[in-house]
Amino acid sequence: YQQLVYNLDISPRINKYGIKKLDFEVFQSNMYFDNNGNLQSAQFAMSPLDIETDSGDQFKFEIRRTFDRPDEDFEIFNGTQILAGEYWYTTYGVGVETSSSRNISFEADYAWGGYYNGTRKSTSSRISLTVNQHFSVSGDYSYNQIAINNNNINTHEIGSRFTYNFSTRVVSSIFAQWNNEDNEVNLNYRINWKPKIGSDLYLVINQLLSADGSLRSKDFAVLAKFVWLITL
């Protein structure tokens, strides 16, 4: 395949009225072609409004044009399928994000518009709490309302992450996620030890739980990775 990417951003600094800078995304594109030069998928985006305040908060509005040409039918949710063919659709999105330097930070996005031969409205949000220099916790939620092929689809996904830094060299985290399509809970525990710069030891524990009725284990795995940097 061949990929073509080009972007043009303009970011004038204001430093007035509490505004640090503006960020105009004049155009952004990402296109994939097959070996015969046929366009397979593409995304074109522009952001006529993106404001960053002196405190690090950000507000944005963007317009996105998408093209996709699936070669085969594929399922998106509970038997609802997208047929092979060519699709062009446009979506619009607004978002707000507070500075991550705050003890409590927040991010929310809302998008609406086309989705293949139907429509979609989507919402995503995330909140993070930094308790102290060692411990932080975050939670996120995303929701999609899709109308396609005479079907109305609602998807939900919930996630949370707990991070504890024992030191600058030892970091651990627990991540959990659930969605209503698979109705499963994915648990992930990871600890990372850096004995020296460039060397790492990872220990990861993954567990998949079925949430259909009572919780029961479906899969369990323990993985380890060790990297040691040798300077010659």
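Ala, Val, Leu, Ile, Met, Phe, Trp, Tyr, Cys and Pro are counted here as nonpolar, Asp, Glu, Lys and Arg as charged, and the others, Gly among them, as polar. By this scheme, the lining of the largest pocket divides into 7 nonpolar, 8 polar and 5 charged residues. The model is predicted.

The largest pocket has a volume of about 280 Å³. Strand β10 supplies the largest share, 7 residues. In total, 20 residues line the pocket. Those nearest its centre are Glu62, Arg64, Thr91, Ala111 and Arg120.

Leu4, Tyr6, Leu8, Ile10, Phe24, Val26 and Phe27 make a nonpolar patch of about 550 Å². The elements giving two or more residues to this patch are β1 (2-10) and β4 (24-33). Strand β1 gives the most, with 4 residues.

Phe24 belongs to strand β4. This residue is partly exposed, with a relative accessible area of 31%. Patch residues need over 30% relative accessible area. Phe24 therefore passes this cut-off, because its value is 31%. Partly exposed covers the range between buried, under 20%, and exposed, over 50%; the 31% of Phe24 falls in that range.

Technical notes: Residues numbered from 1 in each chain as written. Predicted model: local features only at pLDDT ≥ 70, side-chain atom pairs only at ≥ 80, totals over all residues. Heavy atoms only, no water. Patch = residues over 30% accessible without salt bridge, like charges linked within 9 Å, V, L, I, M, F, W, Y side chains within 5 Å. Areas by Shrake-Rupley, 256 points an atom, 1.4 Å probe, with all protein chains shown as cover. Salt bridge = Lys/Arg side-chain N within 4 Å of Asp/Glu carboxyl O. Buried < 20%, exposed > 50% of the residue type's maximum accessible area, 1.4 Å probe, protein only. 1 Å grid on protein atoms, 1.4 Å probe; cavity = no way out; pocket = protein on both sides within 12 Å on 5 of 7 lines; lining within 4 Å. Points joined across faces, edges and corners; volume = space filled by probe spheres on them.
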